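Subject: Structure handover

Hello,

Here is the structure for your files. Some notes on what was found in it follow below.

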Amino acid sequence: QISWTPLLVLGYLFYLLLGAMVFQLLEKQAETHFRDQFQLEKLKFLQNYTCLDRQALEQFVQVLMEAWEKGVNPEGNSTNPSNWDFSNSFFFAGTVVTTIGYGNLSPSTVAGQIFCVFYALFGVPLNLAFLNQLGKALNAHLLTLERWVQKPGRAQVQLAIFLTTGTLLFLVFPPLVFSYVEGWSYGEGFYFTFITLSTIGFGDYVVGTNPNKHYIPVYRSLTAIWIVFGLAWLALVFNVGADLMERYLQLKWHKPDLSLAEGDTTKLEDEPEQPRIHIPS
């Protein structure tokens, strides 16, 4: 019997190294281009406004960066809608308990930061319990589908229905809505959708933050509700993928004990038929 754990560790490290090399290859040159272009724009700005020196310009850039870190969009004016109205606050609370954490908005007061810590302390386990129950409901629905499909290959049909329906509801159609409302391309909307539902949450794309657009009050609240159900679905997909990967590795690197094969066969014949697909909750 060969242990597949060291091979999994090596494969995991190799996957990280591969990702690092690809990201470096794709992004480093673009970053250098944008950095040079930004420095050129600052030089042009100083040439056009001779009353300013470089130090004053750098101080103003610092003010802009601090404003952005505090969640204030430098574009527009003071009439921009508040980041902390009820709809936006509801959306922020959802990003806290789901651990998405876009990073474009965070509490700036000490009281808000302390409350956020304790809110997350109890909210994250509550969110996990809620997603667990939601996952059990989806799993029960899958078992119901399995009873409906009474023919060979029903597990594959069931899994195909689950993946197709969830993909349409959570990954295909939402980018169309975000593209229309936010003015993004479909690719940008799809990127935002997956990065959000996987709880990666870079914060480079966030809904409802463009000061030049007028959003309905419940837009971000509805988005938060969509995120919760999308999280449950994608978590099931990830769990199935992890379960299948572990099973594949075990079948690949563990040889069956032939001495127990006959006993196992008899046991399987005596036991009632179990569902052919397991969706971890």
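Which helix gives the largest share of the nonpolar patch? The largest share, four residues, comes from H5.

First, the ground rules. This is a predicted model, in which local features need pLDDT of at least 70 and side-chain atom pairs count only at pLDDT 80 or more, while totals for chains, interfaces and linings use all residues. Residues are numbered from 1 along each chain as its sequence is written, and side-chain values use heavy atoms, with hydrogens and water left out.

Overall make-up

The protein chain has eight helices and zero strands, and along the sequence its pattern reads α-α-α-α-α-α-α-α. Helices (H or I, at least four residues) and strands (E, at least two) are DSSP runs, numbered from the N terminus. Of the 281 residues in the protein chain, 27% are buried. Here buried means under 20% relative accessible area, exposed means over 50%, and partly exposed lies in between (1.4 Å probe, protein chains only).

The protein chain exposes about 19600 Å², and carbon and sulfur atoms supply 67% of that area. Accessible areas come from the Shrake-Rupley method with a 1.4 Å probe; for residues, only the protein chains shown count as cover. Among contacts (heavy atoms within 4.5 Å) between residues at least 6 apart in sequence, 64% join residues at least 24 apart.

The nonpolar patch

The patch lies on the surface and is formed by Leu-168, Leu-169, Phe-173, Leu-176, Tyr-186, Phe-190, Phe-194, Ile-200, Phe-202 and Phe-238, with about 930 Å² of accessible area together. Patches are made of residues with over 30% relative accessible area and no salt bridge; like charges are joined within 9 Å, and nonpolar side chains (Val, Leu, Ile, Met, Phe, Trp, Tyr) within 5 Å. Phe-238 has its place in helix H7 (residues 219-253). Phe-238 counts as partly exposed because its relative accessibility is 42%.

Record annotation

An unreviewed UniProt entry lists "transmembrane region" for residues 6-26, 86-105, 111-131, 157-177, 189-207 and 219-242. UniProt positions are given in the numbering used here, feature names are shortened, and annotations may be inferred rather than shown by experiment. Two of the listed spans can be set against the model. Residues 111-131 are 100% helix and 0% strand, with the end C-alpha atoms 29 Å apart. Residues 219-242 are also 100% helix and 0% strand, and there the end C-alpha atoms lie 34 Å apart.

Thr-196

The side chain of Thr-196 makes a polar contact of 2.7 Å with the side chain of Tyr-102. A polar contact is a pair of N or O atoms within 3.5 Å; within protein, one must be able to donate a hydrogen and the other to accept it, and residues adjacent in sequence count only if both atoms are side-chain atoms. Leaving aside residues up to four places away in sequence, Thr-196 touches Ile-100, Tyr-102, Ile-227 and Leu-231.

Salt bridges

A salt bridge is a side-chain nitrogen of Lys or Arg within 4 Å of a carboxyl oxygen of Asp or Glu. By this rule there are two salt bridges.

- Glu-31 and Arg-35 pair at 3.2 Å, N to O. Both lie in helix H1 (residues 5-48), four residues apart, about one turn of the helix. Glu-31 is partly exposed at 43% relative accessibility, and Arg-35 is partly exposed at 44%.
- Lys-42 and Glu-58 pair at 2.6 Å, N to O. This pair links distant parts of the chain, with Lys-42 in helix H1 and Glu-58 in helix H2 (residues 54-69), 16 residues apart. Lys-42 counts as buried at 10% relative accessibility, whereas Glu-58 counts as partly exposed at 32%.

Backbone points to check

Thr-99 is not a glycine, yet has a positive phi of about 60 degrees. Thr-99 sits in the loop between helix H3 (86-97) and helix H4 (110-148), and is partly exposed at 46% relative accessibility. Thr-199 also has a positive phi, near 60 degrees, in a residue other than glycine. Thr-199 lies in the loop between H6 and H7 and counts as partly exposed at 29% relative accessibility.

Regards
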